[in-house]
Amino acid sequence: MMKTDFRKEPLYIAVLAGLLCLAFFLPSWMRFLLQTALAGGLVSLGVVVQMRAGLVNFGQGLYYCLGGYAVGMLAVKLGITETVILLPAAVIVAVIAGGTLGLLLSRYREIFYAMLSLAVSMILYGLLVKAASLGSTDGFNVPPLSLFGWTPDRAIHGDVNYIVTVVLVVLACIATARYLMSGAGMLCEAVAENEIRLQYLGASPRRVVFISIVVAAALSGLGGGLYAMSINHVDPLMTNWTTSGGFVFVALLAGRGSTIAPVLGFFLLELVRTVALDVAPNAWQLILGLVMLAVILLLPDGLWSLISRRAKS
Amino acid sequence: MTNEPLLVTDNIEKRFGGVVAAQEISISLFRGETVAVIGSNGAGKTTFVNMVTGYLKPSSGQILFKGRDITGMSPQDTARIGIRRSFQISQIFPQLTVLENIMIADIAALEGKGGLSARAIKSDRIHAAHASLARFDLDKFATSDVGTLPQGVKKKLDIAMAAIDDPALILLDEPTSGVSVDEKISMMESVIEPLKGDDATVMFIEHDMDIVTRFAERTVAFYEGTILADGPTADVLKNNKVREYVIGGVHA
C-alpha cells in the first residue's frame, strides 16, 4: 500500500460525480446544504494538500474570503454579474495572494507556519471589519449571477447554481488529483518526513511547499467564489479563525487519502451539525466535539481510512 | 580516464568560533577512485563531507568540482551537479515504502527538468526503481515500509538513494556503522560493486581497518582537523603517525 499512490483517483472522482448527480433530487434544503458544503469542501481539500507536506494552515479562510469578496465586489462595485468572469476572477485573486504569501510562508514549518497563516488571515478579518464601505461585520449582499449572459428565472436559479457548483467541484477535484499524482505532489510526503534528505537528493523543499500553497489557495478561492454565488452574501467571518478551524477540522475528520474525502467530509459535518442543532439545540457543539474525538481516537487517518482499508483487503 | 581531478579542495578550513574543526585540507579526487577516510572521532571527517556537499560553508579555501568553483553552494545545488552522499544515521523517508523512497530520489533528481509537473508514478519509473533496488539486493523489500526494516537494510537503501541519477562523486559517511561485525564485509561488497559499475568516484568514511584495506585503493587519514597522511592504503596504514594517532593500540 503506497501512501503517495493516487492512481485510483479518477475512479473515486467518478463516484463523487455520480453521487452529486443523484443528489440533484434531494430535498431542496438538503441540496442547498450540500451545495454550500461543496464550496467549503474545496477549502478543506486545500488544507489537506498542505497537510501532506506536514503543514497545518489555520488561516485557509483567508483565500476563501478573498474569493468570496472578489466575486462580491466585482458584482456590486463594478456591476459584473457574469459567473464565467467572476469565478475565474476569484481563483486568480486567491492565486495572486497565495503566490505572494507563499514566498514568505514556504520558509516556515510546523507551529510557525500555522500561526503565521492564522495571523495573516486575521489581519484581513480586522481590515474587513473596519471597512464601513464593505458593510463591516455584516458584509454585503451579492446579486444573483448570470451564466453566459443568461439570467435564469428565480424558480430554477437554485438548480442552475447547483449544477455550476457540481461541475466546478468535480473539475477542481480532477485538477487536484492530477497535482497529487505529479512529482510536486509526491514530494510533499518527502518534505513532511525528511526535508534534509530531500535537499541532498537535489530537490528544493521550499518550491514543493510553495506549489502546495498556491494549489490550496486556488481551491479555496474557488470555494469562496462558489459560496458567494450560492448564498448571495459575503461577510468577514469567512476569514475568521473559527471558519479556518472548521476547515482543519474537516481535513482531519476526512483524512488525506483522496480528493473526494474532504469534499464529502464537509457535507457530513454540515449534516451532523444540522441534525445535532435540531436534536439538541444547547448541546450541538458537544456532539460535534464527541464526533471529532471519536474519529481521532478510532480512525487517526480520518474517515477515508475506512474506505482505503477495505480496498486493501 | 583523464588526469583532470574530479574534486579538488584547496586548503579549506572550517572554524566554529574558536574551535578549528578542519584546516589546511587539500585533497584531489580522481574519476573512478575508491578512497577511504579514516580518523578518530572529531578528526574532521564528517566536517569535510559537509563542506564538500555544501551543508557547511568553509571559513576559507576553495572547492572545485569538475574545474568549477562550488565553494558555498547549497546541498541541493551540489546534489544537482553530481555530488551525492549517504549518512551515518540513515536519512530516509520512514513512513513510505522502499519503492517510494527510490522513486522520490528519482523525481528529486529531475526537479529542474520537469520532474515536478510530470506524472510521478509511471510504469517506467517503477521498473527503473526495481532495477536500482535489485542492484543493491534490496528488491525483496520493495513494498515494505522503510521504518519497519533492520538497520543494515536502511543503510543500504540510503546508499541506493544516493546512487540514483549516476552521480560522479558519492560520499558515504560510515556505511557500515550500526551493522553487525559479521555483516560488514558483505554489506560493503553489495554497495561498492554496483557503485564501481557506474565508474563513480566513491569516498567512504570507515573505522574498520579490514574494510579499508579490502575496499580502498587510497586512504586519507585525518587527525585533529588536519590531514595526517594521504596515499595508497597500504602505505598510509603503515605510516607511524597514522598507527600512533589513528589506528591506535595495534603498533604495541
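Visitor: Which residues is E33(B) in contact with, leaving aside its neighbours within four places in sequence?

Guide: In this predicted model, E33(B) is in contact with T201(B), E217(B) and R218(B), once the neighbours within four places in sequence are set aside.

Visitor: And where does E33(B) sit?

Guide: E33(B) is in the loop between β2 and β3 of chain B, and β3(B) covers residues 34–38.

Visitor: How far is E33(B) from M103(B)?

Guide: Their C-alpha atoms are separated by 28 Å, and the two residues are 70 apart along the chain.

Visitor: Back to β2(B). What sheet is β2(B) part of?

Guide: An open sheet of four strands in chain B, in the order β2-β1-β4-β5, with antiparallel pairing.

Visitor: Which strands stand at the edges there?

Guide: β2(B), residues 19–29, and β5(B), residues 68–69. Each has a single partner strand, so one side of each has no neighbour in the sheet.

Visitor: How many bridges join β1(B) to β2(B)?

Guide: Seven, and the two strands run antiparallel. One pair to look for is I12(B) with its bridge partner I25(B) in β2(B).

Visitor: What about β1(B) and β4(B)?

Guide: Five bridges join β1(B) to β4(B), again antiparallel. Here V8(B) has L64(B) in β4(B) as its bridge partner.

Visitor: And how many bridges are there from β4(B) to β5(B)?

Guide: Two, with the strands antiparallel. F65(B) is bridged to R68(B) in β5(B). β4(B) and β5(B) form a hairpin with two residues between them, and K66(B) in the turn has a positive phi of about 50 degrees.

Visitor: How many C-beta neighbours does E24(B) have inside 10 Å?

Guide: E24(B) has 13, so it counts as partly exposed.

Visitor: What is phi for D165(B)?

Guide: Near 75 degrees, a positive value in a residue other than glycine. D165(B) is found in the loop between α5 and β7 of chain B. With 17 other C-beta atoms within 10 Å, D165(B) is partly exposed.

Visitor: Going back to the four-strand sheet, which helix packs on it?

Guide: Helix α1(B), residues 45–52, which touches β1, β2 and β4 of chain B. The direction of α1(B) makes about 115 degrees with that of β1(B).

Visitor: You mentioned β3(B) and β7(B). Which sheet holds them?

Guide: An open sheet of six strands in chain B, ordered β6-β7-β8-β3-β9-β10, with mixed pairing. β6(B) and β10(B) stand at the edges, each with a single partner strand, so each has one side without a neighbour in the sheet. The twist averages 15 degrees from one strand to the next.

Visitor: How are β6(B) and β7(B) joined?

Guide: By four bridges, and they run parallel. R84(B) has I170(B) in β7(B) as its bridge partner.

Visitor: Which helices go with this sheet?

Guide: Among them is α5(B), residues 151–162, which packs on the sheet and touches β6 and β7 of chain B. The direction of α5(B) makes about 175 degrees with that of β6(B). Helix α9(B), residues 240–247, lies across β3, β9 and β10 of chain B and runs at about 125 degrees to β10(B).

Visitor: New topic: how many residues does each chain give to the contact between A and B?

Guide: Chain B gives 29 residues and chain A gives 25. On the side of chain B, the elements that give two or more residues are α2, β6 and α3 of chain B.

Visitor: Last one, in chain A. At what angle do α2(A) and α10(A) pack?

Guide: About 70 degrees, with their axes 8 Å apart. The two helices are therefore roughly perpendicular to each other, and their crossing is right-handed. The residues of that contact divide into nine nonpolar, two polar and no charged.

Visitor: Which residues meet there?

Guide: Including G40(A), V43(A) and M51(A) from α2(A), and F247(A), V250(A) and A254(A) from α10(A).

Key: Residues are numbered from 1 along each chain as its sequence is written. Chains are lettered from A and ligands numbered from 1 in the order in which they are written. This is a predicted model: local features need pLDDT of at least 70, side-chain atom pairs count only at pLDDT 80 or more; totals for chains, interfaces and linings use all residues. Axes are lines fitted to C-alpha atoms, for helices over the stretch in contact, and angles run from 0 to 180 degrees between N-to-C directions. Angles under 35 degrees count as roughly parallel, over 145 as roughly antiparallel, 65 to 115 as roughly perpendicular and the rest as oblique. A crossing is left-handed if the near helix is turned anticlockwise from the far one by less than a right angle, and right-handed if clockwise. Two residues are in contact if their C-beta atoms, placed from the backbone, lie within 7 Å. Ala, Val, Leu, Ile, Met, Phe, Trp, Tyr, Cys and Pro count as nonpolar, Asp, Glu, Lys and Arg as charged, and the others, Gly among them, as polar. Two strands pair if DSSP finds at least two bridges between them. A residue is buried if 20 or more other C-beta atoms lie within 10 Å of its own, exposed if 12 or fewer, and partly exposed in between; C-beta atoms are placed from the backbone.
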